[in-house]
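Work through these exercises with the model open beside you. Try each task before reading its solution.

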Amino acid sequence: IQFCGHSDHVEFKDIRLADFAPSTPLLKDNPDNTAPKGFSTLFNGKDLEGWKGLAHENANERRALRGKALTEAQSAADGVMKEHWSVVDGVLNYDGKGQSLCTDKDYGDFEFYVDYKIPPGADSGIYLRGTPQIQIWDPWDARTKDGSTPSTPENWVTAYRTGRNLGSGGLWNNRQASNRPLANADKKPGEWNTFLVRMVGDRVSIW
């Protein structure tokens with residue numbers, strides 16, 4: 001950070017800094033899933049306490065659920081959640097079946113860190129307040145039209161028309177601006193990545 005001395009008078013005040021240094025990778029140096037300073041733990045590293053199943057795939061219909069309909073839908077969703085989401089060696093694990101996992105609390109403006117890891121070819125994401133999706137996928141998954149592994153880059157599907165090759169972190173269903181990340185910062189499949197996400201009002205920033 002540099003305040004320029006370019007021979008002209010200038011004044012500064014109310015200078016503040018919040019340090020959002022990357023979190024420690026979960027398995028390497030942080031086995032007890034301790035939150036960074038200033039944050040609270042959303043996942044305890046032991047069980048699914050604080051989480052629930054997705055009561056309805058459609059966000060608008062899910063928000064409209066009330067009373068008995070909500071209770072029954074949530075109970076069924078929690079049953080599906082327990083079949084396909086689990087905690088293995090301190091990691092929140094999904095088997096690729098069933099439905100999404102949700103926090104059991106709603107949040108307004110927030111910042112959160114999350115470490116994630118995917119296998120080759122995976123496609124996933126994180127929904128914020130039920131609708132904006134942060135894309136997570138394998139940017140090196142270049143498949144041909146018949147689904148086989150391409151022999152040369154020239155044979156890659158314009159699959160790359162989805163923007164997968166640009167990396168994770170884009171806001172996939174953004175309709176008002178670019179839904180693609182500024183850079184491919186992904187580590188190779190099988191390695192841990194970290195997001196810092198800030199949501200204030202209807203604005204989302206991702207590092």
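**Exercise 1. Find the salt-bridge partner of K68 and say how the two residues sit in their helix.**

Solution. K68 pairs with E72 in a salt bridge, with 3.8 Å between the closest N and O atoms. The term means a side-chain nitrogen of Lys or Arg within 4 Å of a carboxyl oxygen of Asp or Glu. K68 and E72 are four residues apart in helix α3, so about one helical turn separates them. Helices (H or I, at least four residues) and strands (E, at least two) are DSSP runs, numbered from the N terminus. Now check accessibility. Buried means under 20% relative accessible area, exposed over 50%, and partly exposed in between (1.4 Å probe, protein chains only). K68 is exposed at 63%, and E72 is partly exposed at 47%.

This is a predicted model, in which local features need pLDDT of at least 70 and side-chain atom pairs count only at pLDDT 80 or more, while totals for chains, interfaces and linings use all residues. Residues are numbered from 1 along each chain as its sequence is written, and side-chain values use heavy atoms, leaving out hydrogens and water.

**Exercise 2. Which parts of the chain does the D109 and R129 salt bridge tie together?**

Solution. Start with the distance: the side chains of D109 and R129 meet at 3.3 Å, N to O. D109 lies in the loop between β4 (101-103) and β5 (110-116), and R129 in the loop between β6 (123-127) and β7 (133-137), so the pair ties together parts 20 residues apart in sequence. D109 is exposed, at 53%. R129 is partly exposed, at 37%.

Then count. The structure holds four salt bridges. Among them is R203 with D202, at 3.5 Å, N to O. R203 is exposed at 59%, and D202 is exposed at 64%.

**Exercise 3. Is H84 buried or exposed, and which residues does H84 contact?**

Solution. First locate H84: helix α3 (residues 67-84) contains this residue. H84 has 17% relative accessibility, so the residue counts as buried. Then list contacts (heavy atoms within 4.5 Å). Beyond neighbours within four places in sequence, H84 touches N93, Y94, D95, K97 and G98.

**Exercise 4. How many aromatic pairs does the structure have? Describe the F3 and F12 pair and the F39 and Y113 pair.**

Solution. Apply the rule. Rings of Phe, Tyr and Trp (its six-membered ring) pair if their centres lie within 6.5 Å; planes under 30 degrees apart count as stacked, over 60 as edge-to-face and the rest as tilted. The search finds six aromatic pairs. F3 and F12 are stacked, at 4.3 Å centre to centre and 15° between the planes. F3 is partly exposed at 48%, as is F12 at 47%.

F39 and Y113 are tilted, at 5.1 Å centre to centre and 50° between the planes. F39 lies in the loop between α1 (26-29) and β1 (51-53), and Y113 in strand β5, so the pair ties together parts 74 residues apart in sequence. F39 is partly exposed at 23%. Y113 is buried at 16%.
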